[in-house]
Amino acid sequence: MPSVREQLRSDLHDAMRAKDARRRSTIRMLEAAIKNAEIEKRGAELADADILAILQRQVKQRRESIEQYVSGNREDLAEIERVEIGIIEQYLPRQLGRDEVEARARAVIEQVGASGPGDRGKVMGMLMKELRGEADGSLVNAVVGELLAEAAESE
């Protein structure tokens, strides 16, 4: 199975042959972000896990941009960002849905004995290590907050 970097290069060549400008520019931007991260690490080649983290940050940035564009009535720009998210997500592992995140969060809450919002740090630290790359951090944070609030009310 090719590495993420190899897959990006291969897909870039395919996009250029197909004259797919949006895909080509998105992949080039991803390669630039990866190259910048390597420069920050003084030229060290990044592992796939590091590259996936960069891709996840790129998706997060686009989601934030979409919110800004929608609030500024720029649906045309928001749609471009949505298309780019779709392209980037093809290189990321399948993301867990809310139900799956909730099930994993309940297990961690039980494991650490969390009883309310004050235990959020313990739960989030452990859960994010477990779910790294598999779930959006803001979704995990929201689910944990809701579950801990429920736990505090039931006591």
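Asp-11 is buried (under 20% relative accessible area, where over 50% is exposed and the range in between partly exposed, for a 1.4 Å probe and protein chains only) yet takes part in no salt bridge, the nearest side chain of opposite charge being that of Arg-23, 4.3 Å away. The model is a predicted one, in which local features need pLDDT of at least 70 and side-chain atom pairs count only at pLDDT 80 or more, whereas totals for chains, interfaces and linings use all residues. Residues are numbered from 1 along each chain as its sequence is written, and side-chain values rest on heavy atoms, with hydrogens and water left out.

Asp-11 belongs to helix H1, which covers residues 4-18. Apart from residues up to four places away in sequence, Asp-11 touches Arg-23, Ile-27 and Tyr-91, a contact being defined by heavy atoms within 4.5 Å.

The protein chain comprises seven helices and zero strands, and its pattern along the sequence reads α-α-α-α-α-α-α; these elements are DSSP runs numbered from the N terminus, with at least four residues for helices (H or I) and at least two for strands (E). Of the 155 residues in the protein chain, 34% count as buried, and the C-alpha atoms fill a box of roughly 60 × 40 × 25 Å along the principal axes. Among contacts in the protein chain with a separation of 6 or more, 59% are accounted for by residues 24 or more positions apart.

The structure holds 15 salt bridges. One of them joins the side chains of Glu-38 and Arg-5, at 2.7 Å from N to O; this pair links distant parts of the chain, with Glu-38 in helix H2 (residues 21-40) and Arg-5 in helix H1, 33 residues apart. Glu-38 and Arg-5 are both buried. Arg-62 and Glu-81 form another, with their closest N and O atoms 3.9 Å apart; because Arg-62 lies in helix H3 (residues 48-71) and Glu-81 in helix H4 (residues 75-89), the pair ties together parts that are 19 residues apart in sequence. Both Arg-62 and Glu-81 are likewise buried.

Glu-89 counts as partly exposed at 33% relative accessibility, and Arg-63 counts as partly exposed at 36%. Salt bridges with shared partners join Arg-22, Arg-62, Glu-81 and Glu-84 into one network.

The largest pocket has a volume of about 670 Å³. A pocket is an open set of points on a 1 Å grid over the protein atoms alone, with protein on both sides within 12 Å along at least five of seven lines, and its lining residues have an atom within 4 Å of a point; the volume is the space filled by probe spheres set on the points, which are joined across faces, edges and corners. Of the 24 residues lining the largest pocket, Gln-56, Arg-57, Ala-135, Asp-136 and Gly-137 are the closest to its centre. The largest share of this lining, 11 residues, comes from H3.

Technical notes: Lys, Arg positive; Asp, Glu negative; His and termini not counted. Salt bridge = Lys/Arg side-chain N within 4 Å of Asp/Glu carboxyl O. 1 Å grid on protein atoms, 1.4 Å probe; cavity = no way out; pocket = protein on both sides within 12 Å on 5 of 7 lines; lining within 4 Å.
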